[in-house]
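Here's a quick briefing to read alongside the model. Have the sequence and the 3D view open as you go.

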Amino acid sequence: MNSLDFLKVLGLGTTGLIIPNTTWSQKPIKIYDNYIKGLTHYQFEKIRKQLSVGTELLLKRETTNKYDSFAIEVYFNEHKVGYLAAYENIAIANMLEQGVNFKAFVSKISSKEDKIFDGLVVEVHTNIVVENPNIIETDLLEKRADDVHDQYRKGFVL
């Protein structure tokens, strides 16, 4: 029996995970939170006013991209907005190809008047299976990765 057949027997498929043990559950986790690249080349200015923090976006795998083998396009409805950064998209691209479901949302957007930040940030979530819903305790659940305090980003913290 190959691994795909084994997973089907266990009830793991594209429709989700079926686990009879009630101590297991699915928990959404944030796996990505960064700027969308290529905004000036696509339809960002056309749809900027329709976007706000929390607006759902769609991720699409673009396997025919000649510049990036792992390209992931970002859409708002039928409007292409840009791409996930090429240096950060490999894991998400591989998971998209395997049928993993993602939810993507705007987590930060600049206004036309914003002189410091001009862009759009996307936050990507997926579900993981955990034995105990409280197993993951991190301030990343409520904060952007850039805002987390640790010794690498903000200096040594006691």
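A salt bridge here is a side-chain nitrogen of Lys or Arg within 4 Å of a carboxyl oxygen of Asp or Glu. Keep in mind that this is a predicted model, where local features need pLDDT of at least 70 and side-chain atom pairs count only at pLDDT 80 or more, while totals for chains, interfaces and linings use all residues. Residues are numbered from 1 along each chain as its sequence is written, and side-chain values use heavy atoms, with hydrogens and water left out.

**Salt bridges**
- By that rule, the count comes to 7 salt bridges.
- Lys 80 pairs with Glu 62, with 4.0 Å between the closest N and O atoms.
- Lys 80 sits in strand E6 and Glu 62 in the loop between E4 and E5, so this pair ties together parts 18 residues apart in sequence. (Helices are DSSP runs of H or I with at least four residues, strands are runs of E with at least two, and both are numbered from the N terminus.)
- Lys 80 is buried at 12% relative accessibility, and Glu 62 is buried at 16%. (Buried means under 20% relative accessible area, exposed over 50%, and partly exposed in between, using a 1.4 Å probe and protein chains only.)
- Glu 97 and Arg 61 meet at 2.7 Å, N to O.
- With Glu 97 in helix H3 and Arg 61 in strand E4, that pair ties together parts 36 residues apart in sequence.
- Lys 30, Asp 33 and Glu 123 are linked in a salt-bridge network.

- 5 of the 5 residues of E5 (residues 72-76) are buried, so the strand is largely enclosed by the rest of the structure.
- Ile 72, Val 74 and Phe 76 point one way, Glu 73 and Tyr 75 the other. In a regular strand, side chains alternate between the two faces of the sheet.
- E4 (residues 56-61) runs antiparallel to E5, joined by 4 bridges; Lys 60 has Glu 73 as its bridge partner. (Pairing takes at least two DSSP bridges between two strands.)
- E6 (residues 79-83) also pairs with E5 in the antiparallel sense over 4 bridges, with Phe 76 opposite His 79.
- The E5-E6 hairpin has 2 residues between the strands, and Asn 77 takes a positive phi near 55 degrees.

**Nonpolar core**
- The largest core has 22 residues, and those with the most contacts inside it include Ile 36, Leu 57 and Val 122. (A nonpolar core is a set of buried Ala, Val, Leu, Ile, Met, Phe, Trp, Tyr and Cys residues joined through side-chain atoms within 4.5 Å.)
- Among the elements giving two or more residues to this core are E4, E5 and helix H3 (90-97).
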